[in-house]
Amino acid sequence: MRVSIPSRRLGAPVGLAMLGAVALAGCASPQLKETVDRIDVMQQELETPPPEPPADGKALGPDALLTNANARGKDFLRARMSRARAVLDLDDVKSDRYPRISTEARRISTYNGDDGEMTAVSNIVLGVNWDVSRALLRLDRSKVKVAGELIPVQYQIAQRTATDNLVDTYNEYTALDFKRQEVALKQDGLKCSANDMEVEVALGNSSPSELDALREQIAAAKREAMAVSRSVASKRDELLGLAGLAEGGYAVSPGVSVLSALGHYPPVSTDDADVCFASSGRKKLEELLVQEASAQLDLARQSRFTRLTTSIPSFMTQTGGFNLQFLVSYVLPVIDQGDALRLTQQARLTLLETILTARDNRRSFMSDFDSLNLEIAEAESELAAASSALAKAETTLGNADEIERCAADIDLSKAREAVAKAEYKIDTLKGRLRLLCAPLSEKKVDMPEGLHDDAPAASPATVANAG
């Protein structure tokens, strides 16, 4: 009875295989090595705890929030992860042009049941596979070129989307804070009315039931203020999460203009949506997407009749020497013409769908541009009205007697809040317009994090001095 048992063990053949693997590892592309560095940095950032809240309790503003978000915010990290994955996929496509060498060390042990002896034979198998159509014809060179240009463009667009999400959340947080102030002023106004009504009740001009109803309004306003305060705290934690900071412990200053945080984006100097779109990153993105679909169609047309593959299996054993075979197969689908036709038509449909999507995106861009400009104009009208009301409230307070002063103070506070709200709204809308129209950066964005394009993690000192 003979039983053959294939097994693997560390030895000279395995050592040779490992040496071959090390040699192949040295052939990694510069882009792949940079991506490894990026992934290392992202892992380190995720494992590093956020900076401690400032000891003096200084509140964070949009500048500090965006600095932290750019370094460790989840949306920004996802953008960097998507870029790294795209580089890995592109590098995989490029690597198909080169021979794939594989090694396997094997040991076959044979057990002889008659005498109980064990005999063993060790060998090593070398294999080389090569796709000649990719290596020599390079039909996909246009598609690969466009894909390489797409990666940094898509990364910058993703960064701006993450910035826009952060600004929107900060805007929601500020809106809730304005709501909290509004409810507090309403409560103060009701207290003024209650004080006046107490005098009227004492004089017999109002009934006690009217005073009780007013006091119930004050209690309801107090409950509303508590509910709004809880919403403010919840939205603050959501904002801190987008910025990559731990919940609680960090104070966030509401109502601060976001324009300073977006200072690296140029102001919009035109009211022409076409000019804005032509210089924006979204225009470049759509051009590249159409080019990519066109390149895919060209590839389908060129390769529909050409399927050229090779296999170079090499076998080397301790006793059999070295055997090399070179096999080439060329397939010309003469009978099944539908296969080639389907391949081309699918690529044509993809190109047509991409063109339609690009047109829809352009229309959406124009609509967003016009809507933002309309909102800015409306906010400027609101600011003018609020400024007029503020001037009137200041005059009223100056002429108010002792009885009217309480209500006049409340009206003045409401007028000041309306002015601040309108000013903040204008700056926020202008910031969103900057993000919409911002051209692509001229700097090289496809560099390892921590070296060039991404901001470093904010230190506790940076957080303490920001805002």
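Here are legends for a few close-up views of this predicted model. Residues count from 1 along each chain as its sequence is written, and side-chain values use heavy atoms, with hydrogens and water left out. Because the model is predicted, local features need pLDDT of at least 70 and side-chain atom pairs count only at pLDDT 80 or more, while totals for chains, interfaces and linings use all residues.

**View 1. Helix 6 alongside helix 7.** Here you see helix 6 (residues 141-203) and helix 7 (residues 208-242); helices are DSSP runs of H or I with at least four residues, numbered from the N terminus. Their axes come within 9 Å and cross at roughly 165 degrees. An axis is a line fitted to C-alpha atoms over the stretch in contact, and angles run from 0 to 180 degrees between N-to-C directions. Helix 6 and helix 7 are therefore roughly antiparallel, a label for angles over 145 degrees. The residues of this contact split into 19 nonpolar, seven polar and 14 charged. In this sorting, Ala, Val, Leu, Ile, Met, Phe, Trp, Tyr, Cys and Pro are nonpolar, Asp, Glu, Lys and Arg are charged, and the others, Gly among them, are polar.

**View 2. Helix 6 alongside helix 11.** The axes of helix 6 and helix 11 come within 10 Å and cross at roughly 170 degrees. That makes helix 6 and helix 11 roughly antiparallel too. Their contact has 11 nonpolar, seven polar and nine charged residues.

**View 3. The disulfide of Cys192 and Cys406.** Zoom in on the two sulfur atoms, which sit 1.7 Å apart; a disulfide is a pair of cysteine sulfur atoms within 2.5 Å. The link is left-handed, with -50 degrees about the S-S bond. Cys192 lies in helix 6 and Cys406 in helix 11 (residues 402-437), so the pair ties together parts that are 214 residues apart in sequence. A search of the whole structure turns up two disulfides.

**View 4. The lining of the largest cavity.** A cavity is a set of points on a 1 Å grid over the protein atoms alone where a 1.4 Å probe fits but cannot get out, and lining residues have an atom within 4 Å of a point. Among the lining residues are Pro62, Leu66, Thr163, Tyr170 and Val258. Helix 6 gives the most, with four residues. By class, the lining has nine nonpolar, one polar and no charged residues.

Notes:
Helix = DSSP H or I, 4+ residues; strand = E, 2+ residues; numbered from the N terminus. Parallel < 35°, antiparallel > 145°, perpendicular 65-115°, else oblique. 1 Å grid on protein atoms, 1.4 Å probe; cavity = no way out; pocket = protein on both sides within 12 Å on 5 of 7 lines; lining within 4 Å.
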